[in-house]
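This briefing is for a reader who is new to the structure shown below. Points are grouped by topic.

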Amino acid sequence: YVYPPYGHHLPRFTISDFHRVRQQGFDFIRLPIDHGPFLDLAEDKWPELMEGVRLAVRAALDEGLSVVLDVHPPTSHPVYRIDRIINSYPERRPDDLAGRFSRLNVAFAMMLDREDVRRTLLEPMNEPGLDCTVASMSVVVSVFNEIATHIRTKSSALRLVFEPPCQSSWKLLTKLAASSVDDRNVVYSFHFYEPFLFTHQGSTWSSRSPFLAYVKGLPFPSTRDGTLKALGRSIESLDSVPELNELEGRRLRSDMSVAISRSVDTSDESLIDSAFSAVASWSKNNNVRPEQIFLGEFG
């Protein structure tokens, strides 16, 4: 990280942007903060960085927006990515990464508590882990509970946002026993990007599905004709990349062809209704009020 972080070398979200968000009819903003610059510094240096975060929160509140402060780990940093953070809790690493991460969340909570606890929420971990298993959920719940316990020593009224692993999957959320989350002043969040092949076509960053970068024109809801046309355009896009070696190109073409061909049977309008109905049923069965459900990301 360069110093000062969050500086003019990056695209900046300015005060006028908060105003435009409010003018367009939104009543809250989810404000992502990379925790890396904090953890990279000694803790006595945190107040200087915290003041910058506070000013952003205050600017949003002054515009009439509520604020979800999203502690948003970088995906590529070798030390501060979310899987390393989560694993540091049971491992109790010598560098005390778990302790510092908990204390940072406490510092965020205290800052929000002083601003306006009625209109602020703290999301301690964005998309906590890629693993889509119930065992992974158990680890994430344990880490969340520990962080929440630390936060409650300083702030009792602040709402906390819990989200499941597997990129905050709604499917995994519906497998959660809400009672396993110890904190009661909590909001349950999930992210929704489905069908993923449609919402993320053209994205260049997927390590799991690198062929996504070449998918073009895939429709939703899908039709057989539209899907076949998209497959043709996508293969043309892939074939036009000269730097791909022959073996890599063949593998990407095969994976892409299979994924696009399958999409015609799974990409209809009922997909969204059934997913949201499942979350609604889960909330009812777990005595979770509707206002405790937060759709944190949607594509």
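Ser 237 lies in helix α10 (residues 224–239); helices here are DSSP runs of H or I of at least four residues, strands are runs of E of at least two, and both are numbered from the N terminus. At 13% relative accessibility, Ser 237 counts as buried, where buried means under 20% relative accessible area, exposed over 50% and partly exposed in between, with a 1.4 Å probe and protein chains only. Setting aside neighbours within four places in sequence, Ser 237 is in contact with Tyr 214 and Lys 216; contact means heavy atoms within 4.5 Å.

The model is predicted: local features need pLDDT of at least 70, side-chain atom pairs count only at pLDDT 80 or more, and totals for chains, interfaces and linings use all residues. Residues are numbered from 1 along each chain as its sequence is written, and side-chain values use heavy atoms, with hydrogens and water left out.

**The sheet**

- An open sheet of 6 strands runs in the order β1-β2-β3-β4-β5-β6, with parallel pairing; two strands pair if DSSP finds at least two bridges between them.
- Its edge strands, each pairing on one side only, are β1 (28–33) and β6 (293–298).
- On average, neighbouring strands of this sheet are turned by 30° against each other, direction ignored; axes are lines fitted to C-alpha atoms, for helices over the stretch in contact, and angles run from 0 to 180 degrees between N-to-C directions.
- Strands of a sheet pair through backbone hydrogen bonds, either parallel or antiparallel.
- β1 and β2 run parallel and are joined by 6 bridges, and Leu 31 has Leu 69 in β2 as its bridge partner.
- β2 and β3 also run parallel, joined by 4 bridges; here Val 68 has Leu 121 in β3 as its bridge partner.
- Strand β2 (residues 66–71) has 5 of its 6 residues buried, so it is largely enclosed by the rest of the structure.
- Strand β4 (residues 159–162) pairs with strand β5 (residues 186–192) in the parallel sense over 3 bridges.
- Within β5, Val 187 stands opposite Val 161.
- Helix α12 (residues 270–285) packs on the sheet and touches β5 and β6, and its direction makes about 165° with that of β5.

**Helix α4**

- Helix α4 (residues 82–91) has Ile 82, Ile 85, Ile 86, Ser 88 and Tyr 89 as its buried residues.
- Seen down the axis of α4, these buried residues fall within an arc of 150°, so they line one face of the helix; the arc is that of the directions from the helix axis to the C-beta atoms.
- The cover over the buried residues of α4 includes α2 (36–39), α5 (97–116) and α6 (134–152).
- Arg 92, which follows α4, has a positive phi, near 50°.

**Pro 37**

- Pro 37 is placed in helix α2 and is buried, with a relative accessible area of 4%.
- Not counting residues up to four places away in sequence, Pro 37 touches Tyr 1, Pro 5, Tyr 6 and Leu 49.
- Pro 37 and Leu 49 are 12 residues apart along the chain, and their C-alpha atoms are separated by 8.4 Å.

**Nonpolar cores**

- A nonpolar core is a set of buried Ala, Val, Leu, Ile, Met, Phe, Trp, Tyr and Cys residues joined through side-chain atoms within 4.5 Å.
- The largest such core has 61 residues, of which Phe 108, Leu 122, Phe 162 and Tyr 188 touch the most other members.
- Helix α5 gives the most to this core, with 9 residues.
- Another core lies apart from it and has 16 residues, among them Leu 197, Leu 212, Leu 231 and Ile 235.
- Beyond its neighbours within four places in sequence, Phe 162 has contacts that include Met 137, Phe 144, Leu 176, Val 187 and Tyr 188.
- In soluble globular proteins, nonpolar side chains tend to be buried together.

**The disulfide**

- The count comes to 1 disulfide, taken as a pair of cysteine sulfur atoms within 2.5 Å.
- This disulfide joins Cys 132 to Cys 166, with 1.9 Å from S to S.
- The torsion about the S-S bond of Cys 132 and Cys 166 is about 75°, so the disulfide is right-handed.
- The pair links distant parts of the chain, 34 residues apart: Cys 132 is in the loop between β3 (120–123) and α6, and Cys 166 is in helix α7 (residues 165–168).
- Cys 132 counts as partly exposed, at 39% relative accessibility, whereas Cys 166 is buried, with a relative accessible area of 17%.
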